[in-house]
Amino acid sequence: MPHIIDHIDRELLKALQRDAGLSQRELAEVVGLSQNACWRRLKALNDSKTLLGATMRVDRAQLGLDLVVFVMLRTGHHSADWLDTFRRHVLTIPEVVDFHRIGGDYDYQLKVVTQDMASYDRVYQHLIGGVELDSVTSYFAMETIAEGRLLPL
């Protein structure tokens, strides 16, 4: 049976999205629970796969990852074997941070984060070298206005 999310769970999820590094004691204080009650709710959220682990956001500019590219892909292949090969191939590219199958004029959208144009070209060459694609269109971000926003709970 799926876990039913109530207002306290939503507050826990909001707090964790803002700061996954909160201790259980701090998290309990934020949402007004005892530590034991907080632990039980966190366990239920983990068990139901509502929580998918804890991560920290990293400032990509501090690491020299200044180029963000949205890559739009079209393919004429839609067999299960081709799709499996394509998905496995794309997931070998660490610079691909988001990967979506989409509707509309394109079939897939990738978000690539890398250092510069030369490093993006290496990503591009690897991408097209692994599977047959009909078209690859790259859009280069000029400015990041919002990134990694919290889910609207």
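## An exposed loop residue

Lys49 is exposed, its relative accessible area being 60%; the classes used are buried for under 20% relative accessible area, exposed for over 50% and partly exposed in between, with a 1.4 Å probe and protein chains only. Lys49 is found in the loop between H3 and strand S1 (67–74). Although Lys49 is not a glycine, its phi is positive, at about 65°. Helices (H or I, at least four residues) and strands (E, at least two) are DSSP runs, numbered from the N terminus.

This is a predicted model, in which local features need pLDDT of at least 70 and side-chain atom pairs count only at pLDDT 80 or more, while totals for chains, interfaces and linings use all residues. Residues are numbered from 1 along each chain as its sequence is written, and side-chain values use heavy atoms, with hydrogens and water left out.

## Helix packing around H3

Two packed helices are described by the angle between their axes and the distance between the axes. Helix H2 (residues 24–31) packs on helix H3 (residues 35–47) at an angle of about 95°, and their axes are 9 Å apart. Axes are lines fitted to C-alpha atoms, for helices over the stretch in contact, and angles run from 0 to 180 degrees between N-to-C directions. H2 is therefore roughly perpendicular to H3, where angles under 35 degrees count as roughly parallel, over 145 as roughly antiparallel, 65 to 115 as roughly perpendicular and the rest as oblique. Gln24, Arg25, Leu27 and Ala28 of H2 make the contact with Gln35, Cys38, Trp39 and Leu42 of H3; contact means heavy atoms within 4.5 Å. The residues of this contact comprise five nonpolar, two polar and one charged. Here Ala, Val, Leu, Ile, Met, Phe, Trp, Tyr, Cys and Pro count as nonpolar, Asp, Glu, Lys and Arg as charged, and the others, Gly among them, as polar.

Helix H1 (residues 7–18) and H3 pack at an angle of about 80°, with their axes 11 Å apart, so H1 is roughly perpendicular to H3. From H1, Ile8, Asp9, Leu12, Leu13 and Leu16 meet Cys38, Arg41, Leu42 and Leu45 in H3. By class, the contact of H1 with H3 has seven nonpolar, no polar and two charged residues.

## Aromatic pairs

The structure holds six aromatic pairs. Rings of Phe, Tyr and Trp (its six-membered ring) pair if their centres lie within 6.5 Å; planes under 30 degrees apart count as stacked, over 60 as edge-to-face and the rest as tilted. The pair of Trp82 and Phe86 is stacked, because the ring centres are 4.9 Å apart and the planes lie at 10°. Both residues lie in helix H4 (residues 80–90), four residues apart, about one turn of the helix, and both are buried. Trp82, Phe86, Phe99 and Tyr108 form one aromatic cluster.

Tyr120 and Tyr124 form a tilted pair, 6.5 Å centre to centre with 45° between the planes. These tyrosines are four residues apart in helix H5 (residues 117–130), and so about one helical turn separates Tyr120 from Tyr124. Tyr120 is buried at a relative accessible area of 5%, whereas Tyr124 is partly exposed at 26%.

## Surroundings of Val71

Val71 lies in strand S1 and counts as buried, at 1% relative accessibility. Not counting residues up to four places away in sequence, Val71 touches Tyr108, Gln109, Leu110, Val112, Tyr120, Leu127, Val136, Thr137 and Ser138. Val71 and Val136 are 65 residues apart in sequence and 6.7 Å apart in space, C-alpha to C-alpha.
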